[in-house]
Amino acid sequence: MGEKLAKLKDILGEVADLRAAESVLGWDQQTYMPPGGADGRAMVLSTLSRLSHERFVSDQVGELIEAAQSEVAAQGPDGDDVRLLRVTRRLYEKERKVPAEYVAEFSRITSLANQTWQQARAESKFSIFQEHLVQIVKMRRQYADFFAPYDSVYDPLLDDFEPGMKASQVKQIFDALRPRQVELIQAIASKGPVVDDAILYKHYPEDRQWTFGLEAAQRFGYDLQRGRQDKSAHPFTTDFNTGDVRITTRFDADYLADALFSTLHETGHALYGQGIPARFDRTPLAAALSLAVHESQSRTWENLVGRSRAFWKAFYGRLQELFPENLSQVDLESFYRAINKVSPSLIRVNADEATYNLHIMLRFELELALMEGTLAVPDLPQAWNSRMQEYLGLTPPNDAKGVLQDIHWSFGGIGYFPTYALGNLVAAQLWETILAAIPDLPQQIERAEFGGLLHWLRENLHKHGAKFEPMELIERVTGAALSPEPYLRYLKGKYGEIYRL
Ligand code: ZN
C-alpha cells in the first residue's frame with residue numbers, strides 16, 4: 001500500500017474508533033443508562049462527536065485524499081481503494097462545510113432532546129418536547145444552509161441518509177404511489193371484516209416471545225457471536241464494527257405482533273451489518289449503501305419472508321408449542337391471515353404493509369413543511385392529527401399515539417423517514433430479481449432454509465459495503481431504475497389473494 005493511502009487509513013481508523021465509541025454510548029443510552037445520566041452523557045457524546053469531526057475534516061485528510069489518488073491508479077474503477085477515496089472525498093467535502101461548534105452543539109441538543117422525548121412520550125405530553133423540537137428544526141435549517149444553494153431546504157438533510165436523492169424525487173415517487181395505495185386500501189375496506197386478528201391480542205408472556213424471536217433470528221443467519229439483543233423503547237440496530245452488530249426489541253405482552261415483527265425487522269438490518277466484509281472495518285466503506293437499502297434488508301426479512309405463508313409453514317408449529325393456550329386451536333391459515341390483516345392504524349411500526357407508506361408520506365410532508373417554515377412546531381400535533389384523519393381516517397387519542405410515537409425527530413433525524421418507504425420499494429424490486437435467480441425460494445423457506453437467500457443478498461449487496469452509489473447499484477443488480485411498480489405488484493398479488501379482490 002502506498003504511503004499516503006496508509007497514512008489516510010490510519011486517520012480514518014481513528015475517526016471510526018471515535019465514532020464506534022459514540023455508538024456504544026448511544027446504544028447504552030437507549031438500553032441501560034439510568035435517566036440521571038442524561039446530562040453527563042450528553043457532554044461525553046458532544047465531546048466525542050466534536051473530536052471525530054475535527055479529526056476527519058482536517059486539512060491533512062484533504063491533502064492525503066488527493067495525494068493518494070496516484071497510488072491507487074493501477075486499480076480498476078471498482079477497486080476497494082479507488083472507491084474508498086471516492087466515498088471519503090464525498091463525506092469530507094460535506095463535513096468540511098459544517099463547523100465543529102455546530103457539530104458539538106447539535107450533539108448536545110439532540111442528546112438532551114432524546115431524553116426529553118422519552119419523558120414526553122411516557123407522559124403523552126407534546127408540550128414537554130416542544131421547545132427541544134423548536135431548537136432542532138432551527139439547527140437543521142442552519143445545517144441546510146451550510147450547503148446552500150439547494151433546490152429544497154430538505155435536500156441536504158435527505159442526502160445524509162440517502163446520498164444523491166432529492167426531495168423532488170421523493171415527492172414524485174410518493175405522488176405516483178399514494179393514489180394507488182389508497183385505491184387498494186379502499187378495495188380491501190369494501191370487503192368488510194373478512195380477516196380477524198383477535199388472536200394476536202391475547203396474553204403472550206414476554207420471555208417466550210423473546211425465545212421465538214431470537215430463534216427465528218438465528219435461523220435467518222444472525223450470528224450471536226457477533227451480535228446480541230437487548231430491550232429499548234424503540235427497536236433499533238447498531239454496529240460498532242462488523243464483529244459487533246446489535247439489535248434491540250420491545251415487548252407488548254398483550255400483542256404478539258409487536259416484538260415478533262420488530263425482531264425479524266432488526267434482524268434484517270443486522271444481517272446486512274454482519275455481511276459487510278471485515279476488511280472494510282475502520283473505514284467509511286464499513287457501512288450500508290444508504291438507509292433505503294438498509295431498510296430494504298429489514299423489510300425483506302420482516303415482510304417478504306416473515307409475513308409469508310412459506311415462513312409460517314416452517315415456524316407456526318414452534319409458535320404453537322410456545323403459546324399453546326392461545327394458538328393450539330388456531331390453524332395456520334387463520335394465523336397467516338391475522339398477521340396480514342389490513343387495517344388503518346395509529347402506530348407506524350405496527351402498520352400493515354398496505355397502509356405503511358401512508359404513515360411515511362404524512363411524516364415527510366410534515367417535516368418538509370417544518371423545514372420550509374410553512375408549519376410551526378407548536379402547530380405540529382394538530383397538523384399530525386388532521387392528516388391522520390385525512391389519510392387513514394383515524395384521530396390519535398393522545399400525543400403518545402400520535403406525534404410523539406417516533407424517536408427520529410428527537411435525535412435530529414429530519415430527512416430520515418422517506419428512506420423507509422423507499423426501502424419497501426427497493427425490497428420488492430430486489431425480491432423479483434431474487435425469485436428469478438432462485439425460483440424455488442418459497443420451497444426453501446418452507447423448509448426453514450435461508451442460506452440461499454442470505455447468500456444472494458451477501459453476494460449482490462452486503463459484500464460491497466458502501467462502495468457504490470445506492471441507486472446505481474440497485475439498477476445494476478435489478479436491471480432497472482427504482483420504481484414503485486414491483487411493490488404495487490407485490491401488494492396486489494398478496495392482498496388480492498387474501499381479500500379476494
Ligand atoms: Zn428499519
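Me: Which spacing do the donors of the zinc ion follow along the chain?
Reply: This is a predicted model, in which local features need pLDDT of at least 70, side-chain atom pairs count only at pLDDT 80 or more, and totals for chains, interfaces and linings use all residues. Residues are numbered from 1 along each chain as its sequence is written, and side-chain values use heavy atoms, with hydrogens and water left out. Donors are N, O and S atoms within 2.8 Å of the metal (3.2 Å for Na, K and Ca), and sites may look incomplete because water is not among the atoms. Along the chain, the donors of the zinc ion follow the spacing H-x3-H-x25-E.

Me: Which protein atoms are the donors of the zinc ion?
Reply: The protein donors lie 2.1 to 2.2 Å from the zinc ion. They are H265 (NE2), H269 (NE2) and E295 (OE).

Me: Why are H265 and H269 separated by about one helical turn?
Reply: An α-helix has 3.6 residues a turn, so residues three or four places apart point the same way. Helices (H or I, at least four residues) and strands (E, at least two) are DSSP runs, numbered from the N terminus. H265 and H269 are about one turn apart because they stand four residues apart in helix 10 (residues 256-275).

Me: Is H265 buried or exposed?
Reply: Buried means under 20% relative accessible area and exposed over 50%, with partly exposed in between (1.4 Å probe, protein chains only). The relative accessible area of H265 is 10%, so H265 is buried.

Me: Which strands stand at the edges of the open sheet?
Reply: The open sheet has three strands in the order 1-3-2, with mixed pairing; two strands pair if DSSP finds at least two bridges between them.

Me: In strand 3, which residue is the bridge partner of N241?
Reply: Strand 2 and strand 3 (residues 244-249) pair in the antiparallel sense over four bridges. A hairpin of two residues joins strand 2 to strand 3. Within strand 3, D239 has V245 as its bridge partner, and the partner of N241 is D244.
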